[in-house]
Amino acid sequence: MTRIVIMGGGPAGYESALVAAQHGADVTVIDQNALGGGCVLYDCVPSKTLIATSGARAGLHGMGELGVSLDLDNVTVDNHVVHGRVKGLALAQSADIKARVQREGVRVLTGTARLCDAEPGLAVHEVEVTVDGGETERLTADFVLIATGATPRVLPGAVPDGERILDWRQLYDLDEMPEHLIVVGSGVTGAEFASAYTEMGVRVTVVSSRDRIMPHEDADAAAVIEEVFSQRGATLAKHARAEKVERAGDGVVVHLSDGRTIEGSHALMTVGSVPNTTGIGLETVGIETDSRGFVPVDRVSRTGASGIYAAGDCTGLLMLASVASMQGRIAMWHALGEGVSPIKLKTVAANVFTHPELATVGISQQAIDAGEVPARTIMLPLATNPRAKMEGLRHGFVKLFCRPATGVVIGGVVVAPMASEQILPIALAVQNQLTAHDLALTFAVYPSLSGSLTEAGRQLMRHDDLD
Ligand SMILES: Cc1cc2nc3c(=O)[nH]c(=O)nc-3n(C[C@H](O)[C@H](O)[C@H](O)COP(=O)(O)OP(=O)(O)OC[C@H]3O[C@@H](n4cnc5c(N)ncnc54)[C@H](O)[C@@H]3O)c2cc1C
Ligand SMILES: NC(=O)c1ccc[n+]([C@@H]2O[C@H](COP(=O)([O-])OP(=O)(O)OC[C@H]3O[C@@H](n4cnc5c(N)ncnc54)[C@H](O)[C@@H]3O)[C@@H](O)[C@H]2O)c1
């Protein structure tokens with residue numbers, strides 16, 4: 001029986017454990033915490049649960065226009081209920097995952113795993129597991145998957161104290177809602193929390209080192225989200241790099257590198273993540289990390305060491321739960337001799353859970369504008385959609401990109417409430433090389449927001465050289 005040891009029980013680890021067990025391998029998964037990993041316990045699942053609350057309150061904007069009167073200032077959020085729900089859901093999901101993998105025959109160990117081969121280049125590998133009490137167990141493996149994930153990056157001058165200076169994992173222990181939350185870092189994590197707290201009625205200031213939020217996302221989409229931020233009263237400090245954050249009285253002061261200061265009640269540090277790749281014995285198998293500490297892998301998740309695979313955030317490929325899981329599954333299929341296609345990042349659908357949401361798939365507008373990919377593009381503002389008008393929705397759009405000659409859909413962007421649910425037709429088109437013509441001829445419900453997708457197809461088709 002092929003022996004597989006998986007270091008880390010997040011989406012990369014537990015999804016690969018399921019695949020390996022289903023293919024008859026002898027599988028052990030080790031996590032120093034609980035199964036589900038950072039994703040389920042601290043990052044993705046808790047933040048999306050919090051965002052469910054902020055979304056409920058955000059949905060109340062514009063009620064007056066629909067004839068429903070309410071006083072939004074008096075619609076408050078109960079911190080304790082929200083945090084209880086967040087933690088409860090995370091623990092329940094973790095328990096479900098553990099039960100599921102155990103049902104498939106996977107052995108689950110709680111402890112810290114470390115590779116400990118006698119020298120690099122061996123055909124069989126050793127992993128040492130240290131449990132809480134300090135005892136150790138040695139496991140022998142034909143294949144090892146490194147799936148140790150990542151943890152919040154700490155700025156030396158702004159070390160989280162869990163009270164006023166926080167990383168996102170500490171938010172759910174706050175007794176009170178922050179009065180004025182300063183979100184330091186405006187990547188996807190910063191944008192999601194800034195949006196969530198703003199919509200829950202908290203005063204928010206976002207510190208962005210660039211001239212916009214979410215510099216890696218579609219610029220038009222980021223502009224819409226920024227507009228909503230400012231309409232809701234959030235403030236964006238641009239070209240603002242935080243140098244240090246200090247406690248001051250009942251609050252904090254964020255010192256920017258240009259000398260400016262911002263005062264608030266709490267600072268939330270969202271300045272990225274670092275891979276959990278130190279102290280895990282990579283040197284014993286001859287793996288060197290890249291300059292940022294990530295484990296280099298190829299498109300079937302192989303590291304440079306024979307028999308050792310890596311998947312998820314520790315590889316830095318695309319830090320998404322969906323990608324982590326797929327990398328892990330691919331690693332197992334490959335190790336166990338199943339037919340496998342290398343991962344295709346261009347077909348990954350992703351979503352930023354702001355209000356409104358921002359979903360993307362395929363080639364980006366940035367790549368098209370830079371001339372890297374020839375494409376025809378269309379952008380339809382939500383305001384032109386009949387359903388959006390009926391619902392009173394104004395902020396958002398649909399973008400569709402296709403190849404100039406063939407009309408094959410190569411990407412798209414949706415900014416709308418629940419954009420995460422609307423990106424799938426574009427993702428399907430990208431994955432299966434459907435054309436604008438195919439979309440145009442598809443029936444959408446009338447009236448529906450997805451009607452904008454088929455309309456975008458029709459508008460692109462009008463220019464289709466082949467029609
Ligand atoms: C705030 C936030 C929100 C996010 N929201 C989304 C989202 O909405 N959608 C999405 O797709 N992605 C989201 N992500 C990204 C997603 O959480 C990660 O991509 C995903 O967790 C990666 O999974 P992983 O298995 O690689 O690592 P993790 O989930 O981090 O799991 C790694 C596990 O390995 C364990 N471990 C580490 N070292 C060892 C060791 N030596 N021995 C034993 N165990 C070890 C850790 O304790 C951890 O449990 C979000 C990230 C953040 C920060
Ligand atoms: N919905 C989702 O799928 C979701 C949600 C959250 C995170 N993620 C994933 O996690 C990954 C990491 O995202 P992230 O936003 O946590 O990190 P990030 O590295 O993308 O963004 C961090 C931001 O902080 C800024 N920054 C760094 N130091 C700073 C300083 N001193 N002052 C001011 N700004 C500073 C950086 O310029 C950067 O823009 C992404 O790849 C994302 O895909 C996904």
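The shell around ligand 1 has 16 nonpolar, 17 polar and 4 charged residues. The model is predicted. In total, 37 residues surround ligand 1. The closest are Gly 8, Gly 10, Gly 37, Gly 149 and Gly 312. Several elements each give two or more residues to this shell: helices H1 (11–22), H2 (37–41), H3 (44–58) and H7 (321–335), plus strands E2 (26–31) and E4 (112–115).

Ligand 2 has its own shell. Here 24 residues surround the ligand, and the closest are Gly 185, Gly 187, Thr 189, Gly 272 and Met 319. Two or more residues come from each of helix H5 (188–199) and strand E19 (350–352). H5 gives the most, with 4 residues.

The two shells by class:

Now the domains. The protein chain is divided into domain 1 (3–152 + 274–345), domain 2 (165–271) and domain 3 (356–461). The centres of domain 1 and domain 3, taken over C-alpha atoms, are separated by 31 Å.

Gln 231 lies in helix H6, which covers residues 219–231. Is Gln 231 buried or exposed? Gln 231 is exposed, because 12 other C-beta atoms lie within 10 Å and a residue counts as exposed at 12 or fewer. Gln 231 and Thr 140 are 91 residues apart in sequence. In space, 58 Å separate the two, C-alpha to C-alpha.

Technical notes. Residues numbered from 1 in each chain as written. Chains lettered and ligands numbered in written order. Predicted model: local features only at pLDDT ≥ 70, side-chain atom pairs only at ≥ 80, totals over all residues. Near = placed C-beta within 6 Å. Nonpolar A, V, L, I, M, F, W, Y, C, P; charged D, E, K, R; others polar. Domains from an automatic or database assignment. Buried ≥ 20, exposed ≤ 12 C-beta atoms within 10 Å, placed from the backbone.
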